Amino acid sequence: MDGAHDMGGAKGFGPVVPEPNEPVFHGDWERRAFALTVAMARPGGWNIDMSRFARENRPPEDYLSKSYFEIWLAGLETLMIERGLVTREEVEAGKVLSPPMPGIKPIAPNEVTPAIRRGGPTEREPKQPAMFAVGQTVRMKDIHPVTHTRLPQYVRGHLGTIELNHGCHVFPDTNSLGQGEDPQWLYTVRFDGPELWGKDGDPTLSVSVDAWESYLERV
Amino acid sequence: MSDHDHDHHGRHHHDHDHSELSETELRVRALESILTEKGYVDPAALDVLIDLYEKKIGPRNGVRVVAKAWSDPAYRERLLKDATAAIAELDYSGRQGEHMVVVENTPEQHNMVVCTLCSCYPHPVLGLPPVWYKSAPYRSRAVSDPRGVLKDFGVTLPDTTKIRVWDSTAEIRYLVLPMRPEGTEGWSEEQLAELVTRDSMIGTGLPKQPGEIT
């Protein structure tokens with residue numbers, strides 16, 4: 001979706017302000033919000049693409065005024081309410097008002113480290129040969145899905161060069177909708193600065209995105 | 001409330017009911033108790049998770065990777081060829097680092113990593129991302145004005161150096177291999193490690209120079 005989260009090239013946000021000696025979390029609630037989100041994914045039954053969509057799919061003023069972990073918290077609430085794991089009334093009241101969904105098994109303490117160390121690899125066996133070769137020029141499709149996509153607006157319609165082929169990977173656009181993994185070839189596509197930002201664009205700049213095959217068209 | 005009442009955007013959280021805790025803090029606390037009572041989460045598992053990300057998974061892991069690449073040419077080659085496997089040699093792997101690519105800085109090209117769409121970052125080697133990495137200023141400008149971003153970090157590169165920005169839009173995670181500082185001939189891996197900074201592995205900084213460490 002063309003939302004506030006898709007920030008590449010946007011103007012007016014001001015300078016980057018690094019924080020010296022920044023802690024991993026700012027306050028205990030960030031620790032717990034982060035851990036709850038990570039720990040609920042398996043029992044809740046959603047995947048990473050569904051989580052990302054739950055976080056980004058909100059009004060721009062909401063996305064831009066919330067802090068990072070406030071967005072995570074809001075995303076977690078959405079995912080759980082959508083699945084009936086909790087009700088909106090419970091979240092607002094801050095207490096249990098309905099029986100738990102049966103058959104949900106929490107992550108046990110001894111499962112945490114192995115699960116994090118395993119992660120969730122997204123590479124899958126290819127079912128068909130790659131359509132594009134390294135070095136080939138491609139155009140990014142100018143599409144505007146209303147659902148989750150990982151094709152940023154600032155590269156749409158632009159010409160780039162295939163630089164790397166990463167094999168076949170789970171396709172977020174379908175996986176976020178629960179419509180299956182639909183693994184596709186994934187490429188790093190590189191763009192020159194002026195191709196993206198016009199004739200005044202920095203000629204010493206090149207930018208790449210990682211793009212699934214269906215984001216690309218032949219030229 | 002010390003540091004809790006100002007979040008990292010510098011906004012003030014108002015306490016409406018003279019409570020010691022902000023609305024968000026209360027909301028998270030209540031949510032955890034709801035999920036615990038419903039049997040969906042085990043708070044002890046949350047403690048393990050937090051401990052992992054605060055104590056075990058962090059930029060010191062990436063520092064080891066870089067220092068080893070600087071001192072062991074064969075390792076550097078393996079790292080550039082198959083970063084996931086080379087990083088796993090040092091026992092770092094998993095969530096948000098399942099598919100790693102290492103990009104090497106040279107006098108001709110400087111690499112910088114961003115995620116314009118969210119906050120993708122190589123956790124096993126760098127830990128959780130800093131606030132600025134997830135912020136709108138960095139996500140918006142890294143791809144259009146990386147030299148301006150570098151200036152915000154106090155870094156100026158020669159005009160002739162090409163800048164290569166990697167936007168992490170898929171599950172590939174990028175780690176920058178900075179250039180080994182001059183004047184470090186004969187240094188051990190441990191000594192070299194002291195020169196590697198987190199930002200130098202994102203591409204928003206450069207490694208320390210030998211004179212900068214004691």
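In helix α2(B), the buried residues are Ala45(B), Leu46(B), Leu49(B), Ile50(B) and Tyr53(B). Viewed along the axis of α2(B), these buried residues fall within an arc of 135°, so they line one face of the helix. The cover over them includes α1 (28-44) and α6 (109-118) of chain A. The model described here is predicted.

The length of α2(B) can be checked against its residue count. The helix has 14 residues (residues 43-56) and, at 1.5 Å a residue, should span 20 Å; the end C-alpha atoms are 19 Å apart, which agrees.

**Contact between the chains**

The two chains meet through 71 residues of chain B and 71 residues of chain A. On the chain B side, the elements that give two or more residues are α1 (23-37), α2, α7 (131-134), α8 (136-141), α9 (146-152) and β3 (162-167). Of these, α1(B) provides the largest share, 10 residues. By residue type, the side of chain B that touches chain A comprises 33 nonpolar, 19 polar and 19 charged residues.

**Nonpolar core**

The largest nonpolar core has 107 residues. Those with the most contacts inside it come from chain A, namely Leu36(A), Ala39(A) and Ala211(A), and from chain B, namely Leu49(B), Val66(B), Val165(B) and Leu175(B). Leu49(B) is also one of the buried residues of α2(B). Not counting residues up to four places away in sequence, Leu36(A) touches Leu76(A) in chain A, and Leu31(B), Glu32(B), Leu35(B), Val41(B) and Leu46(B) in chain B. Leu46(B) is likewise among the buried residues of α2(B).

**Ile172(B)**

Strand β4 (residues 172-177) of chain B contains Ile172(B). This residue is buried, because 24 other C-beta atoms lie within 10 Å, and the cut-off for a buried residue is 20 or more. Leaving aside neighbours within four places in sequence, Ile172(B) is in contact with His166(A) and Asp210(A) of chain A and with His99(B) and Val101(B) of chain B. Ser200(B) is 28 residues from Ile172(B) along the chain, and their C-alpha atoms are separated by 19 Å.

The table gives the end-to-end distance and secondary structure of each span.

| Span | Distance between end C-alpha atoms | Helix | Strand |
|---|---|---|---|
| Residues 1-98 of chain A | 34 Å | 54% helix | 0% strand |
| Residues 23-204 of chain B | 35 Å | 49% helix | 13% strand |

Note on methods. Residues numbered from 1 in each chain as written. Chains lettered and ligands numbered in written order. Predicted model: local features only at pLDDT ≥ 70, side-chain atom pairs only at ≥ 80, totals over all residues. Helix = DSSP H or I, 4+ residues; strand = E, 2+ residues; numbered from the N terminus. Core = buried A, V, L, I, M, F, W, Y, C linked by C-beta atoms within 7 Å. Buried ≥ 20, exposed ≤ 12 C-beta atoms within 10 Å, placed from the backbone. Contact = placed C-beta atoms within 7 Å. Expected span 1.5 Å × (residues − 1). Arc of directions from axis to C-beta. Nonpolar A, V, L, I, M, F, W, Y, C, P; charged D, E, K, R; others polar.
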